[in-house]
Each structure stands twice: as C-alpha cells, then as structure tokens.
Amino acid sequence: MSIYRTAGKRAFDVTLAAAALVALSPALLAVALAVRLGMGRPVLFRQLRPGRGGRPFELLKFRTMRDARDAEGRPLPDAERLTGFGKFLRRTSLDELPELWNVLRGDMSLVGPRPLLMEYLPLYSAEQARRHEVRPGMTGLAQVSGRNALTWEEKFRLDARYVEHYSLPLDMKLLMQTVRAVVTARGVSAEGSATMPRFTGSR
C-alpha cells in the first residue's frame, strides 16, 4: 500500500484545507454575513452524517433553506424552502466552504465520496457500503462526473471505484476538475428536483 493511502492523504488534506481557510476567509465572512442578513440565524447548517466506518460526525455548511413548515410542523419540500440566494450558494458551491473545518478536524477529506444521510446506512448493498472505507470528501469522482444529474446507482459505482483506486495524482486531478464543474454549475440538481430525490435502496 502506498504512503499516500496510509498517511499522505491526511497530510495533503490538512495542508490544503488550512491554506484554503486562510485564503478564503474574506469569502467565508462575506457569505456568513449575507446568510445572516438574508435568512437570519443560524448561519450554519449542522447535521449528523456518516463518516469513515459509518461513524457519525457533524457536517457544517452555510444554510441555504428557510425553516418553513406546514400546519402539522413538517418541513416543506426543498423547492419551497430553498431561497434564491441559497440556489446561488449551491450553484457556486459556496455553501460547502465550512466543510474545510470538517477536513481540518479529521471528519472529512478534500476528495472522497460525499457524506450522505445517516438513514441511508442500512439501505446500501455491500458494494455501495464500500464508500465508507475512506473519509467522505468535499468533492469526489461522482461530483466531477455529473453530480446530482447522476442516478444513485451511478454515484455509488463511482464512489466504489474511487475507494479502489484513489491516489495523489487522482486526487489532484479531481480537485482541478472540481473547479471546472463549479464554474459550469453542471449537475447541481437532479432532473425534476430542487436538489436530489431521497435514496430508498437499489433493486
């Protein structure tokens, strides 16, 4: 096993995440202020997500949705809660910037399968569950290959392929491709959905 797959990937993550937090601090402050003025508190969206080995951690993102509920207290559909500014944050991936702190803490990696919902854990097949053999990432092979325009099954196949073959050259390539994917705003949402339909298991 290569040094990168044992210790190098973590060193790579910490170095780049720390540098990015310093370089992007003005953008972080500007977005935080805009969210505070436009949607109020809290500025950050916090949610438990499964990390390496399926262990839960608290994911940090900028809030993009209003806390709007129906008469019975249930959250309204994403399309009704997602604000115009929230759509901009998602399209430009600026809502993801607080995850750099998750990377520094060791919850996440810069590159890896995206952390999904805790409730999906029992729905994965053995092959799909391989995505939890590594730390989840801010970006990954599925994100640069189509993001939410892909089906769940396509995403999970790409996640498993990444787990099998990740390396320093591949991670650097995926980070560069992520910049292009963000600029083109490709695959931000699934067809007919404001975000992505829920995963209910594969046949």
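**Charged pairs and their surroundings**

A: K61 and E96 are both buried, where buried means under 20% relative accessible area, exposed means over 50%, and partly exposed lies in between (1.4 Å probe, protein chains only). This is a predicted model, in which local features need pLDDT of at least 70 and side-chain atom pairs count only at pLDDT 80 or more, while totals for chains, interfaces and linings use all residues. Residues are numbered from 1 along each chain as its sequence is written, and side-chain values use heavy atoms, with hydrogens and water left out.

K61 and E96 form a salt bridge whose closest N and O atoms are 3.7 Å apart; the term stands for a side-chain nitrogen of Lys or Arg within 4 Å of a carboxyl oxygen of Asp or Glu. This pair links distant parts of the chain, since K61 is in strand β2 and E96 is in the loop between α4 and α5, 35 residues apart. Helices (H or I, at least four residues) and strands (E, at least two) are DSSP runs, numbered from the N terminus. K61 and E96 also belong to a network of salt bridges that links them with D95, E99 and R114.

By the salt-bridge rule, the count for the structure comes to 11. One of them joins the side chains of R46 and E58, at 3.2 Å from N to O. Because R46 lies in strand β1 and E58 in strand β2, this pair ties together parts that are 12 residues apart in sequence. R46 is partly exposed at 49% relative accessibility, and E58 is also partly exposed, at 33%.

Another salt bridge is made by the side chains of R131 and D159, 2.8 Å from N to O. R131 lies in the loop between β3 and β4 and D159 in helix α7, so the pair ties together parts that are 28 residues apart in sequence. R131 counts as buried at 4% relative accessibility, and D159 is buried with 5%.

A charged group can also face a ring: the charge sits over the ring if NZ of Lys or CZ of Arg is within 6 Å of the ring centre and within 35 degrees of the ring normal. The charged end of R5 sits over the ring of Y166 in this way, 3.9 Å from its centre, and that of K155 sits over the ring of W152, 4.8 Å from its centre.

W152 leads on to the nonpolar surroundings, for Y120, Y124, W152, F156 and F199 form one aromatic cluster. A nonpolar core is a set of buried Ala, Val, Leu, Ile, Met, Phe, Trp, Tyr and Cys residues joined through side-chain atoms within 4.5 Å. The largest such core has 30 residues, and those with the most contacts inside it are V35, F62 and L110. Apart from this core lies another, of 8 residues, among them L117, Y124, F156 and F199. Leaving aside neighbours within four places in sequence, V35 is in contact (heavy atoms within 4.5 Å) with G40, V43, F62, R63, F85 and L89.

Key
Rings of Phe, Tyr and Trp (its six-membered ring) pair if their centres lie within 6.5 Å; planes under 30 degrees apart count as stacked, over 60 as edge-to-face and the rest as tilted.
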